[in-house]
Amino acid sequence: MVAKAVFWILLLLLACQQLSAILFIVRLLNFRAPLIGNDQARPCTVILCLRGVDPFLRECLIGVMNQDYPDYHVQIVIDHPSDPSHAVVKDVLESTDSSAKATIQFLDEAAHGRSLKCSALLQAVNTLEDHAHFIALLDADTVPHRTWLRELATALQPDSIGVATGNRWYTPTSLSVGTRVRYLWNAAAVVLMYLFQVPWGGSLAIRSELLHKSDILQCWDKSLAEDGMLARIANRNQWGVAFVPSLMMTNREDCSYRDFFRWLQRQLSLVRLYHQAWPVVLTHGALTTVAPAAALALIATSAAARNMVSLGWSLSGLIIYQIGLFTLLFLLEFAVHRINRYRGDRADWIKWHQLWKLLWLVPVTQFTYAIALLRSIRLRTVRWRGIDYEISGPWNIRMTNYQPIGDRSETGRDQRSL
């Protein structure tokens, strides 16, 4: 019977997702680790690339300038002197008396064969001090806590580790449809990123030795993304990638459904271009869409034919599957909630009983994910921070319409990190 087969496929699919999520949850629950002391803290440089004013840029700057790490410098690369982020940076540096810790650069060249971020990173790396033991990358939508840098440095202490990374977790201030769908999608995505070592450039550290003895810089010279290829390069050069569970970084930005969908297509395209886990991601997306859709179709046809046996198998399978996934969401939220509370971050963005209000959006999220996956396979143009990039291959990128934000009509308007 087809309905019975779909029932068992759904349960098998749920079991695989539960096992994967539980491995990640256990890692999150064991997030506390002894941090290195000042005597073990090696010199490092934090690189922050800016274009436009992210909603939490000021908080990001204040956080990075107030790290408890004893020996670090911040390289801030701003897209253009007219960029509105320049005024925010100057104000924060003056108000926090942190100018000695930071250097401001403006992007020298917006090269057409790579992304603006890769151009900014290459410029910053080329001016690094020789004694820097590692570099830390930070996105403007990341608000680092006091021990952020020390936690990255601790993860790099073993000689076998070349890359250390955290990940993002959304705790938005509103519950719009786009914001909620992004939250649900990300809750599943971080599990896959952990299992398949997909680094996140928003909170990342790279050992200088790996940076200069591998082809990372050569890849950045012709790439759209800075992080997707790092695990492959590190592993190829006998270095490991360490996930730091305490660096599940809170993101409180809101977004529309349209903005989220466009961002999701770009994220999936970057995985397709640069990470070896793309076939697994594609398979995961297909299975998590086709199986529930088949159950829904069987429910409709069985109800129309008054086939109660088939209806029972397909309906019970779908209910068990969706409730099982939602139970994992509760556990994931609980684990990240503990991390946020430990470091003093706001952890009450949603009440536990309100999570059930997201249940109806689970199938919406699955459908959105499937459509974005299909579109990302053929996507040849992406827009990022108002810039269009044509994609002919992983190392064949063309920027088509660069213009400084300060020269455009949206000058001064907050830009979402999407």
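Pairing rule first: I call two strands paired if DSSP finds at least two bridges between them. Strands (E, at least two residues) and helices (H or I, at least four) are DSSP runs, numbered from the N terminus.

Housekeeping: this is a predicted model, where local features need pLDDT of at least 70, side-chain atom pairs count only at pLDDT 80 or more, and totals for chains, interfaces and linings use all residues. Residues are numbered from 1 along each chain as its sequence is written, and side-chain values use heavy atoms, with hydrogens and water left out.

**Entry 1, the sheet.** I started with strand 1 (residues 44-50) and strand 2 (residues 72-78), which pair in the parallel sense over 7 bridges. In that pairing I found Leu 48 opposite Ile 76 of strand 2. Then I looked up the whole sheet: it is open, has 7 strands in the order 3-2-1-4-6-5-7, and its pairing is mixed. Strand 3 (102-106) and strand 7 (240-251) are at the edges with a single partner strand each, so one side of each has no neighbour in the sheet. On average, neighbouring strands of this sheet are turned by 20° against each other, direction ignored.

I also checked what helix 4 (residues 116-126) does: it lies across strand 1, strand 2, strand 3 and strand 4 (134-138), at about 150° to strand 1. Contact here means heavy atoms within 4.5 Å. For angles, axes are lines fitted to C-alpha atoms (for helices over the stretch in contact), and values run from 0 to 180 degrees between N-to-C directions.

My rule: rings of Phe, Tyr and Trp (its six-membered ring) pair if their centres lie within 6.5 Å; planes under 30 degrees apart are stacked, over 60 edge-to-face, the rest tilted. I get 13 aromatic pairs that way. Trp 185 and Trp 263 have ring centres 5.7 Å apart and planes at 90°, so I logged them as edge-to-face. Trp 185 sits in helix 6 (residues 177-195) and Trp 263 in helix 10 (residues 257-274), 78 residues apart.

Are these two buried or exposed? Buried means under 20% relative accessible area, exposed over 50%, partly exposed in between (1.4 Å probe, protein chains only). Trp 185 comes out buried at 11%, and Trp 263 is buried too at 4%. I also noted one aromatic cluster formed by Phe 7, Trp 8 and Trp 313.

Helix 11 (residues 278-305) packs with helix 12 (residues 308-342) at about 145°, axes 8 Å apart.
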